[in-house]
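Please look at the points below on the ligand site and its surroundings.

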Amino acid sequence: MFKKLASFLIPINIYKRKSAVSTTLEVTWANGELVLDSKNTNYSYGSLQRILRTGLKSIGFDTIQKMESILVLGVAGGSVIKTLTQEIRFKGKITGVEIDPEIIAIANTYFKLNEIPNLTILLEDAFEFVTTTNETFDLIIIDIFQDTTMPDFLFEAPFINRSKELLNPKGFILFNTMLIQNSDSERNQNYRNHFDTAKFNTRTIPRVEQHNELIIIKKR
Ligand SMILES: C[S@@+](CC[C@H](N)C(=O)[O-])C[C@H]1O[C@@H](n2cnc3c(N)ncnc32)[C@H](O)[C@@H]1O
């Protein structure tokens, strides 16, 4: 309780270790909230949670509540999963896919993800998962970073085409991206161009919390 209160004055780090995927992983009390950060960016809770919440709000909490299955690619501390289960009260099935076992250990210890009954976490590369799964989803949340880097596969046709196939009719993709270099806006526009406008509606929420752009795709 003391650390939580004191963190309104100054961030208090309670866990830090090196990570093969994310350089470092840190758990810190900041402004009365426990957050998870990689070396150069916030991973879970804090601004990341606000960014994805903005995207979910734009899709509509009521629409999401009626869905049956949600896929979260990139779990980390699971802040979007907390928004889904605690705030939206989503009761359907959530599948989380995460490449880094260390981060899931942190998520369970500090953020109690293992206490969410409708969540299944798979320790797997997201590209492998989308290539091999037979399941389909009403909402796919793509939130994959290695520190501030977004892997190239996210913007390439094999991954994009599989994401389209895994989406149920009237389903949504919510894709969190970072705009750091000038070329990143063009990269995002190219991503949107993969979606045929006769079959998909695409839009963006630009400059959510400075560096992030959310892309929202809806299957018609
Ligand atoms: C910004 S964090 C995710 C935050 C999370 N969605 C939340 O709401 O708190 C990005 C995550 O992507 C994971 N990641 C990176 N590359 C991946 C890959 N190829 N497959 C699955 N997860 C990956 C990282 O280990 C990290 O946990």
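1. A pocket here is an open set of points on a 1 Å grid over the protein atoms alone, with protein on both sides within 12 Å along at least five of seven lines; a molecule sits in it if more than half of its atoms lie within 2 Å of its grid points.

2. This is a predicted model: local features need pLDDT of at least 70 and side-chain atom pairs pLDDT 80 or more, while totals for chains, interfaces and linings use all residues. Residues are numbered from 1 along each chain as its sequence is written, and side-chain values use heavy atoms, without hydrogens and water.

3. The ligand is surrounded by 23 residues, counted when a heavy atom lies within 4 Å. S44, S79, V80, E98 and D143 are the closest.

4. Polar contacts are pairs of N or O atoms within 3.5 Å. A backbone N or O atom of V80 is 2.8 Å from a ligand oxygen atom. Ligand nitrogen is found 2.9 Å from a side-chain N or O atom of Q146, and 3.3 Å from a polar backbone atom of I99. The protein buries 99% of the 610 Å² that the ligand exposes when taken alone (Shrake-Rupley method, 1.4 Å probe).

5. The largest pocket holds about 510 Å³ of space, a volume filled by probe spheres set on the grid points. It is lined by 38 residues, with Y43, D143, I144, F145 and D147 closest to its centre; lining residues have an atom within 4 Å of a point.

Note on methods: Polar contact = N/O pair within 3.5 Å; in protein donor to acceptor, adjacent residues only side chain to side chain. 1 Å grid on protein atoms, 1.4 Å probe; cavity = no way out; pocket = protein on both sides within 12 Å on 5 of 7 lines; lining within 4 Å.
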